[in-house]
Amino acid sequence: MESPETSVGVRIIKIGGNIIDNPQELAQFLADFSKIEGYKVLVHGGGKSATKMAESIGLTPQMIDGRRITDAPMLDVAVMIYAGQINKNIVAQLQANHCNAIGFSGADGNLIQSEKRNHPTIDYGFVGDVKYVNGELLSSLLSNGIIPVFCAITHDGKGQLLNTNADTIASELAIALSKTFEVTLNYCFEKPGVLQDSNDDSSVVEVMNKELYSKLKNDKAIHSGMIPKLDNCFNSLAKGVQKIKIGHHKMLQNDDSVCTKIEL
């Protein structure tokens with residue numbers, strides 16, 4: 001087995017529901033992802049698909065600050081959609097692009113272990129906060145030519161599956177791998193980057209630092225799901241991840257594409 005070295009790079013790429021929900025967009029993204037050379041890891045969300053399924057069976061999804069409340073019936077939906085339908089569809093399409101991918105939840109190979117969130121005022125239900133990433137096994141998979149595809153489901157080591165924010169999973173995988181590799185973390189979604197005005201796609205913040213983030217958050221220009229995404233970005237950089245970009249997946253093939261670069 002090839003021994004990984006710090007000079008070797010890994011790209012960790014996370015995609016969200018707006019790419020997953022659009023079959024043409026997803027197909028184009030996976031074709032672009034397949035062309036990326038070297039070690040790579042894909043992490044996917046899929047909240048909109050889970051919401052549609054939940055509503056079709058009479059459940060009412062609840063969100064607080066971009067994070068999903070997950071009771072027992074909602075967890076069943078999340079596992080079916082994230083670890084089942086979406087994950088296996090992505091893996092099958094990657095195989096069609098000659099990309100040898102394997103789909104994982106955190107429970108597989110004990111790759112990501114979490115603990116149930118304990119919040120002083122909000123009961124998030126079966127939501128997990130990541131406590132451990134099996135970086136050694138993940139490095140071994142990469143060294144053996146496997147492309148891991150992670151869904152947003154982890155486990156607590158005691159038999160309980162937990163719904164876990166996919167942005168956080170991407171961040172924690174990046175932090176774990178940064179001990180062995182040079183890691184670039186890319187968050188891909190339908191917009192060209194983080195926007196100062198959510199209604200104006202030309203208002204991309206090209207470089208986001210903590211000071212600007214704090215100001216835009218106070219001004220309510222940044223809200224909802226972008227808050228945990230950016231919190232994860234700054235945490236990742238502080239813990240050893242080398243580069244982070246947020247934007248449209250065009251940036252994977254073109255370094256000159258407009259996007260948001262994150263800096264401390």
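**Salt bridges and a buried serine in a predicted model**

Glu115 is partly exposed, with a relative accessible area of 41%. The model in which this residue is described is a predicted one. Glu115 forms a salt bridge with Lys131, and the closest N and O atoms of the two are 3.5 Å apart. Because Lys131 belongs to strand S7 (residues 128-133) and Glu115 to strand S6 (residues 112-116), the pair ties together parts that are 16 residues apart in sequence. Lys131 has a relative accessible area of 54% and is therefore exposed, the cut-off for that class being over 50%.

Side chains of opposite charge can pair when their charged atoms come close. In the whole structure, a search finds 6 salt bridges. One of them joins Asp167 to Lys14, with 3.0 Å between the closest N and O atoms. Asp167 lies in helix H6 (residues 166-177) and Lys14 in strand S1 (residues 9-15), so this pair ties together parts that are 153 residues apart in sequence. Asp167 counts as buried because its relative accessibility is 5%, and Lys14, at 8%, counts as buried as well.

Asp167 also forms a salt bridge with Lys229, where the closest N and O atoms are 3.2 Å apart. This pair links distant parts of the chain, with Lys229 in helix H8 (residues 226-238) and Asp167 in helix H6, 62 residues apart. Through shared partners, salt bridges join Lys14, Asp167 and Lys229 into one network. Lys229, like Asp167, is buried.

A further buried residue is Ser34, whose relative accessibility is 17%. Ser34 is part of helix H2 (residues 23-35). Leaving aside residues up to four places away in sequence, Ser34 touches Lys40, Leu94, Asn97 and Cys99.

Key
Residues numbered from 1 in each chain as written. Predicted model: local features only at pLDDT ≥ 70, side-chain atom pairs only at ≥ 80, totals over all residues. Heavy atoms only, no water. Helix = DSSP H or I, 4+ residues; strand = E, 2+ residues; numbered from the N terminus. Buried < 20%, exposed > 50% of the residue type's maximum accessible area, 1.4 Å probe, protein only. Contact = heavy atoms within 4.5 Å. Salt bridge = Lys/Arg side-chain N within 4 Å of Asp/Glu carboxyl O.
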